[in-house]
Amino acid sequence: MEGASIHKRGQPQRSTGGEEAYLKECWPLVQKALGDSHIKATLDLIEGSITVCTTKKTFDPYAVVRARDFIKLLARSVPFEQAVRILEDDMACDITKIGTLVRTRERFVKRRQRLIGPKGSTLKALELLTNCYIMVQGNTVSALGPFNGLKEVRKVVLDTMKNIHPIYNIKTLMIKRELSKDPELRLQSWEKFLPNFRHKNLTKRKEPKKKTTKKEYTPFPPQQPESQIDKELATGEFFLRESVKKRKKMEEIKVKQAEALTKRQEERNRAFIPPKEKPVMKKTNKAPSEAKIDIEAIKAKVRKAKTKKLGAPSVNPVPQTTPAYDKKKKNKG
């Protein structure tokens, strides 16, 4: 059923569609809910339409618009318990059409399922963050709730259809919810706190290896290539005799054969050329020039070694000391 346009007081509001089975069950409840606002509703099952119009007791001019939105939500398979909330003052509804946002049907189904999430978890998280009731049905997404929440729901739905995962927007909404609790940050800018997600195109288009550049357009046709007769006329071969032409061709063939023969001979001779050997470098242990040699110390070592081997007396003999009691005996005698 489609929502009717707004008319003047007393004129009917219509909505056509095929929700007869559900409306039969809840039609008394619909009449009672609209009767509280003094709105008259009639159901025509043969024509398949609902007519909503004001009465003489209707005091709220906007009540007929709310009644129209009430019919729209029922037409989009929203349960009566949720749809009746549209008749309250602070409630509004928004129906987003998503059927024409994606070209292929397979891609559309995948993105719509991404919005719902596994077992409806993504949709439930979005409902908790926006305080809205969301219903995904066919090619539309129906939302019911406060105005600020409806604005966020529409943004998330459109971004999901543009291949942006809803988890990014849910994360942003969670951060905004925590920031709104702080009274000091209410008047400040939240841009530094919000995450900045960049779109990465992983599947890049394969570019061809050989890129062809288009030539500049010219209205003139390309120049025709020269024929063999034109080339012979330019070189003067056209006017030669047949015997001279044959002789020239034979000479060109012999020159080509000679060049090919020399190339073959060179390739055969390469196998007999020995490879160049690398020169062998002898390793020489150079004495350290920085360290100075102490000649006197070496001479002293050689002298000590000789005395030990030959038993020769030492060069500087140590004088023998006589004990003190021997000196006393000599003095007495």
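This is a predicted model: local features need pLDDT of at least 70, side-chain atom pairs count only at pLDDT 80 or more; totals for chains, interfaces and linings use all residues.
**Exercise 1.** Describe the overall composition of the chain in terms of secondary structure, burial and surface.

*Solution.* Begin with secondary structure: the chain has eleven helices and six strands. Then consider the surface: the accessible area is about 28,200 Å², and carbon and sulfur atoms account for 54% of it. Finally, examine the contacts with a separation of 6 or more: 53% of them join residues 24 or more positions apart.

**Exercise 2.** Determine which residues of the largest nonpolar core touch the most other members, and which elements supply the core.

*Solution.* This core holds 22 residues, and Val30, Leu34 and Phe70 touch the most other members. At least two residues come from each of α1 (20–36), β2 (39–44), β3 (49–54), α2 (63–75), α3 (80–83) and β5 (133–137). The greatest contribution is that of α2, with six residues. To follow Val30, set aside its neighbours within four places in sequence; Phe70, Leu74 and Phe80 are then in contact with Val30. Apart from this core lies another, of 20 residues, which includes Ala92, Cys132, Val141 and Val157.

**Exercise 3.** Classify Cys26 and Cys93 as buried or partly exposed, and state how many disulfides the structure holds.

*Solution.* The cut-off for burial is a relative accessible area under 20%. Cys26 is buried because its relative accessible area is 6%. Cys93 has a relative accessibility of 21% and therefore counts as partly exposed. As to disulfides, the structure holds zero.

Definitions and conventions
Residues are numbered from 1 along each chain as its sequence is written. Side-chain values use heavy atoms; hydrogens and water are left out. A nonpolar core is a set of buried Ala, Val, Leu, Ile, Met, Phe, Trp, Tyr and Cys residues joined through side-chain atoms within 4.5 Å. Buried means under 20% relative accessible area, exposed over 50%, partly exposed in between (1.4 Å probe, protein chains only). Helices (H or I, at least four residues) and strands (E, at least two) are DSSP runs, numbered from the N terminus. Contact means heavy atoms within 4.5 Å. Accessible areas come from the Shrake-Rupley method with a 1.4 Å probe; for residues, only the protein chains shown count as cover. A disulfide is a pair of cysteine sulfur atoms within 2.5 Å.
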